[in-house]
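Please review the model shown below alongside this report.

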Amino acid sequence: MPRALARAAMTHPQAGPKTHEALVERAGSLSESDLSDLCEAAAAAIIEGGGFGWVRPQPRPVLESYFRGVCLVPERALFLARLDGTVVGSAQLLRPPRNNEAQAFAATLMHAFVAPYARGHGLARALTLRVEEAAAATGAKVLNLDLRATQTAAIALYESLGYVRWGAHPAYAHVGGQDVAGLFYFKRLAE
Ligand SMILES: CC(C)(COP(=O)(O)OP(=O)(O)OC[C@H]1O[C@@H](n2cnc3c(N)ncnc32)[C@H](O)[C@@H]1OP(=O)(O)O)[C@@H](O)C(=O)NCCC(=O)NCCS
């Protein structure tokens, strides 16, 4: 698997005095240990309040099948966040299918999360920048994303990176028996 393609902040202000190695990389395939760590991170994110669609804890085989499947989809690229070598989060870049010529210039950043035990080290920011770089490298001019209005940390992150909010959906998700609004963003990528 290709190693570090981007390096996050080594000493993030919230990280305390101990320095950590924070890296992001694109995953070609997943080793058994990376898959296991990724599933643990995902499970922790789901329990903490939802990460990437799931709102209820999932059995480990379901998470494993899901991430194995992600690696097989040609239009999807999986990016991993590592803290001190351990996979603690991920994000996905989704390109339009080949028939969608009208939107071939755009891509979507999806399902970004960092496990609660690895937050505050700049990994989500590094993941986002790495996904932007990968999208631009495939010719994408625009990156789209959407999230729940309750995901305040992510909103702060994306707005600090220049994502423009263009819309809101009052019934975007349904969590805990209640509708949750969604917010839609885009960013024009540098040439
Ligand atoms: C959003 C999330 C990915 C951030 O992960 P992270 O690795 O801790 O984020 P970073 O350390 O890279 O922080 C980047 C920026 O995010 C924002 N941010 C991160 N945590 C925050 C918090 N608790 N409150 C407010 N803003 C926060 C800040 O703008 C921060 O920049 P700064 O450190 O310069 O202030 C993580 O909280 C998460 O997985 N949340 C649940 C899932 C989710 O919301 N996914 C996004 C949907 S697509």
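The following sections describe the chain and its parts.

## Basis of the description

This is a predicted model, in which local features need pLDDT of at least 70, side-chain atom pairs count only at pLDDT 80 or more, and totals for chains, interfaces and linings use all residues. Residue numbers start from 1 along each chain, as its sequence is written.

## Overall fold

The chain contains four helices and eight strands, where helices (H or I, at least four residues) and strands (E, at least two) are DSSP runs numbered from the N terminus. From the N terminus on, their order is β-β-α-α-β-β-β-α-β-α-β-β. Because its radius of gyration of 16 Å is close to the 16 Å that the globule rule gives for 191 residues, the chain is as compact as a globular protein of that length. The radius is taken over C-alpha atoms, and the rule is 2.2 Å times the number of residues to the power 0.38.

The C-alpha atoms fill a box of roughly 45 × 40 × 35 Å along the principal axes. Of the contacts with a separation of 6 or more, 61% join residues 24 or more positions apart; a contact requires C-beta atoms, placed from the backbone, within 7 Å.

## Helix H1

Helix H1 covers residues 32–49, and its 18 residues should span 26 Å at 1.5 Å a residue, which agrees with the 26 Å between its end C-alpha atoms. The expected span is 1.5 Å times one less than the number of residues. Gly-50 follows H1 and has a positive phi, near 100°.

Asp-37, Leu-38, Cys-39, Ala-41, Ala-42 and Ala-45 of H1 are buried, meaning that 20 or more other C-beta atoms, placed from the backbone, lie within 10 Å of the residue's own. The buried residues of H1 pack against helix H2 (60–72), strand E4 (86–94) and strand E5 (106–114).

Across the chain, 31% of the 191 residues count as buried. The largest nonpolar core has 44 residues, with Phe-79, Val-88, Leu-123 and Leu-127 making the most contacts inside it. Helix H3 (residues 123–137) gives the largest share of this core, seven residues. Such a core is a set of buried Ala, Val, Leu, Ile, Met, Phe, Trp, Tyr and Cys residues joined through C-beta atoms within 7 Å.

## Ligand surroundings

Among the 21 residues around the ligand, Arg-119, Ala-124, Ala-153, Ala-154 and Leu-157 come nearest. E5, H3 and helix H4 (152–160) each give two or more residues to this shell, and H4 provides the largest share, six residues.

Definitions and conventions:
Buried ≥ 20, exposed ≤ 12 C-beta atoms within 10 Å, placed from the backbone. Contact = placed C-beta atoms within 7 Å. Near = placed C-beta within 6 Å.
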